[in-house]
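Please load the model in a viewer and keep the selection panel open.

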Amino acid sequence: MNYIFIDSLNGVNRVGIVENNRLVEFHLEEQEKRIVGNIYRGRVANVLQGMEAAFVDIGESKNAYLYVKEALPKDVLYNGRIYKISEIIKSGQEVIVQVIKEASGNKGAKLTTHIEMPGRYLVFTPFSNKINISKKIKSSSKMENLKDIGKRIMKDHMGLIFRTASEGVEESVLKEEYDILYNIYSKIEKERNFLPCPKLLYKEPSLAYQIIRDNYNESIEKIIVNNKEIYDNLILTENLYPFKFSDKIELDTEFSISYNTDIQLDLKVALQREVSLKSGGYIVIDETEALTVVDVNTGKFVGTSSLGDTVLKTNIEAAEEIARQIRLRDIGGIIIVDFIDMRDKDDVSAVLSIFKKQLQKDKIKTNIIDITKLGLVELTRKKIRRPLAADFYKKCPICEGRGNIIE
């Protein structure tokens, strides 16, 4: 069964996606703390020439940071010239910025001046006049068709990015969504010059809204909500979605993931270092500050025909599970996967093909970079939110995260 659940408990929303009865995404939302996607009128607190960055006061407890690349206007970003942060921005200056990464540890939130407002089928980019298309859309004819549609629906030279979900969608639906985002931005523009500063100009919709917006499709059998207020709000705001889901949404005040053994088991495994595979093999996931390392082992699986067949079956099963764990654990940044060595190039291609296919189910951009000379698979996944473990664990004050203590 495929479904989305929104479990609200004591002011915290637990939002997840279940595909084929397996938990593939899970997020905790404390509404007042989540700021990714928010747009602010901030004031530059200071400019760090040596870091090519500026700290910006957006009204949060920590100043956010803005790198020179994110401060440059997009029309000069790729002109070949190297700019210094002091040429772009000055202390005391007021700037319109958007949060693209939550604060973490001692770091404040990361900002950009390249405002983007995502919808289901497209992303509205008011500070760019270009029409871009998701790289996952491969057909040249479909790309040309979307570009033509983009030219017809675009207003005031404000650009857009067609998301993967836009493929095959009628022009009227795409235009409706563009107009909705255009009107929201127009309201932001009217607010930008009013005091005080710093000021929140736009708050990104709730996580529940985002999950439904980005993941709802015909395969979703139902949306379970256990909170009447959230349920009513979703029904009332259905007109903001470019699709209808009211016939799939269910209010079940008795629903709780605390009593769902399948979800609890998947969550328990997602917080463990070792993940068992059905065959008897297992994977080990080690998350460090710099990168995440995943190791694949045959474990108890000895196969039935040959070593090569055993290795191939283990790696294929591991590739599917690793893709799910990356998405479920919300692992971002650099990821290194050490599959079991394969001598046959066709086997390597088969495992990588399955791995890429599984990773494509993830809405967050993931890129397989290369295979190193040592046979390690390198990939990167965009960091947006804190990893799943950060919502459940805090650093041990005794070992300080090392996992060992001095005897």
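Begin at the interface of domain 1 and domain 2, where the rule finds zero salt bridges; a salt bridge here is a side-chain nitrogen of Lys or Arg within 4 Å of a carboxyl oxygen of Asp or Glu. This is a predicted model, in which local features need pLDDT of at least 70 and side-chain atom pairs count only at pLDDT 80 or more, while totals for chains, interfaces and linings use all residues. Residues are numbered from 1 along each chain as its sequence is written, and side-chain values use heavy atoms, leaving out hydrogens and water.

Select 38-112 for domain 1 and 115-199 for domain 2; such bounds come from an automatic or database domain assignment. Their C-alpha centres lie 24 Å apart. In contact (heavy atoms within 4.5 Å) are 14 residues of domain 1 and 13 residues of domain 2. About 1,100 Å² is buried between these domains, with carbon and sulfur atoms giving 57%; buried area is the accessible area (1.4 Å probe) that two parts lose on being put together, summed over both.

Next, display the open four-stranded sheet, ordered E9-E10-E12-E11 with mixed pairing. Strands are DSSP E runs of at least two residues, and helices are H or I runs of at least four, numbered from the N terminus; strands pair if DSSP finds at least two bridges between them. E9 (117-118) and E11 (131-133) are the edge strands, each with a single partner, so one side of each has no neighbour in the sheet. Select E12 (residues 159-162), which pairs with E11 in the parallel sense over three bridges; there, Phe162 stands opposite Ile133.
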